[in-house]
Amino acid sequence: MGETQKKTKILSIENLVIKFKLRGQVLTAIRDISLDLYKGESLAIVGESGSGKSVLVKSIMGLLDKNGYIDQGKILYNDNDLAHFSTEKDWLKIRGKEIAMVTQDPMTSLNPLKTIGKQIEEAVVLHQGLTGKDAYEKVLQLLRDVGIHDVEKRYKQYPHEFSGGMRQRIVIAIAIACNPKVLICDEPTTALDVTIQAQILQLLKNLQEKYLLTTIYITHDLGVVAKVADRIAVMYAGDIIEYGKTDEIFFNAKHPYTWALISSLPQLGVKGQELYSIKGTPPNLFKEIQGDAFAPRNPYALKIDFVERPPYFKLSETHFAKTWLLHPNAPTVEPPETLKKFFEEGREYANG
Amino acid sequence: MLGYVGKRLLQSVVTLLVIITIVFLLLRLLPEEGYLGAAADKMSPEQQEIYLTNLGLRDPILVQLGNFYTDLIRGDLGKSITYRTDVPVVDIIADKIMYSLSFGLAAVALSILIGVPLGILMAQMKGRWLDRLGTGYIVFIVAVPSMVYFLLIQVYITDIFKLPLLFDSDKPISWLLPLISLALGPIASYAMWMRRYMVDELNKDYIKLARAKGVKERTLMFSHVMRNAFIPLAQYLPATILFTITGSIYIESLYSIPGMGGLLVDAIQRQDNAVVQGLVLIFSSLGIIGLFLGDIAMALVDPRIKLGRGGSVR
């Protein structure tokens, strides 16, 4: 997205809190998150397993598991507050029609007993109002769009006759068939091997341009993020702890968790040394979290980190981070040497 | 598809031939008195010898086997010896089969009509009162010996609703209780399997994707979940239907229904080798035909079954 382009909000999450009832206990999966999504951009939400990425996007589509519920906050989309949707009728106005999803595992995401043609057609009929021959033609066109050859023959085939990468293309075709405005890609390449990953990401990028989509990528793979995202939101323990444009996060991250995450990239490893990993485990979400959730694992943690939750500190118009280290009174803390070098190289590279 | 059917058919025929031969050979091991019947005591050893020779039992075993197959092809299973002396076995079985078959088919229809929807409802209302009620019913049927509730039904329900205690082919109302008793078990198993497979399917990823693309919950149930859940059942359906012919020993003796249920027991007790042989033949053929049809049904509904070369791989 160019800097000059006028930004219009398409989706706006305000102070969202999502909780789950689990064996008589209450787990807080999303802790007071606010996030705006702008038209046409592609936003990546990154974080480790259990950080709440998937829960967040599931709540946008009303696909939370039965024991999960929105406790507070708003999800505003076209003047509708999705947080207050409760009936199936409400959600059917959103699912597919406005917001579609590419799911994680293409091997299991297709109905094994329906031809892939029929499965795409289902979405075409539901959302584009086409039937019969028109719908069939549309499906063939979609198949071509996602890079499938010999479409008439492929239309009649079943999922088990496709490879993993091909199936992911079909899943993408289904999402596109809904003609959505927002496309959520929940770990779209996790189940694929590396050579196929690049192809699928390129495909998603092309489709985003062709169909003028706004996309949200959920991933824990920073390599994916670097290839596709305009903006990044870093999640930890149900909170967005830092967000900004891709180069701002990659080359000027301020939150120690983001540092740790980038340091974990195997590319930053030094030959002969062990790869970096974040010590400790994420906090128990059944308990109320005091202060900064990352503090116990954070080598740079200040005393206040254990007491009070940090607010967002503004670094630029687009870059915000939630860490007390940015407070004017905080001691100056530099990122680790390898990371500093990486940041500098990156900035130089970005500036030409 | 045709190649697959042909291959399975050939396998079935071979299996059937092997079974028939084994049954034939096993029966040759039984004491020969069985062939003499009630007349045994009145015959001298020489007379017995002549009688057995006339029956062909002194021929070499391969000749006997050949004769047996030739008769079989002509639809002749021999004559009953002690059960109903000199009546062709085929006629004896034909008389009985109609009762067992009509009861059996009606019970299967009833149990599918009630059991499958019950299972579907239970899956949809998983964890709620209907599911618990249904589970309670299933546990009861599985845990309590069927004889107990068969008897309770016969004794108390006939009393409460003034229904006839025994079966009478002229009184349609007397069909009701045996039919219901016969269906109770299969209803429980259909409900149990249907619920189980539905819950399995509902947890699969493709359901999530279908929801995400905006498919209505009801459409999802009918066009995605139910069909997929029904596949495992399809394989067993033909066999279940075929085995209703064999009747239920309990129910038929409780209500004095002149069906197949007790025939095998009777024939064995009276050492009527011809009838036993005929019955075992029918039972084993039914089993094999059931498996064959099950495989065909499965291949018809499940596209993942590769047909022809390479055999069936899921």
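User: What's the helix and strand content of residues 97–292 of chain B, and how far apart are the end C-alpha atoms?
Analyst: That span is 79% helix and 0% strand, with its end C-alpha atoms 22 Å apart. Helices here are DSSP runs of H or I with at least four residues, strands are E runs of at least two, and both are numbered from the N terminus. Mind that this is a predicted model: local features need pLDDT of at least 70, side-chain atom pairs count only at pLDDT 80 or more, and totals for chains, interfaces and linings use all residues. Residues are numbered from 1 along each chain as its sequence is written, and chains are lettered from A in the order in which they are written.

User: How many residues does the contact take from chain B and from chain A?
Analyst: Chain B puts in 18 residues and chain A 26, where contact is C-beta atoms, placed from the backbone, within 7 Å.

User: And which element of chain B gives the most?
Analyst: α9(B) does, with six residues.

User: OK, switching to chain A. What's the strand order in the open sheet of eight strands?
Analyst: The order is β6-β7-β8-β3-β9-β10-β12-β11 (chain A), with mixed pairing; strands pair if DSSP finds at least two bridges between them.

User: Which are the edge strands?
Analyst: β6 (99–102) and β11 (313–314) of chain A, each pairing on one side only.

User: How many bridges join β9 to β10 in chain A?
Analyst: Six, and the two strands run antiparallel. For instance, A:Ile232 has A:Gly244 in β10(A) as its bridge partner.

Terms used:
Two residues are in contact if their C-beta atoms, placed from the backbone, lie within 7 Å.
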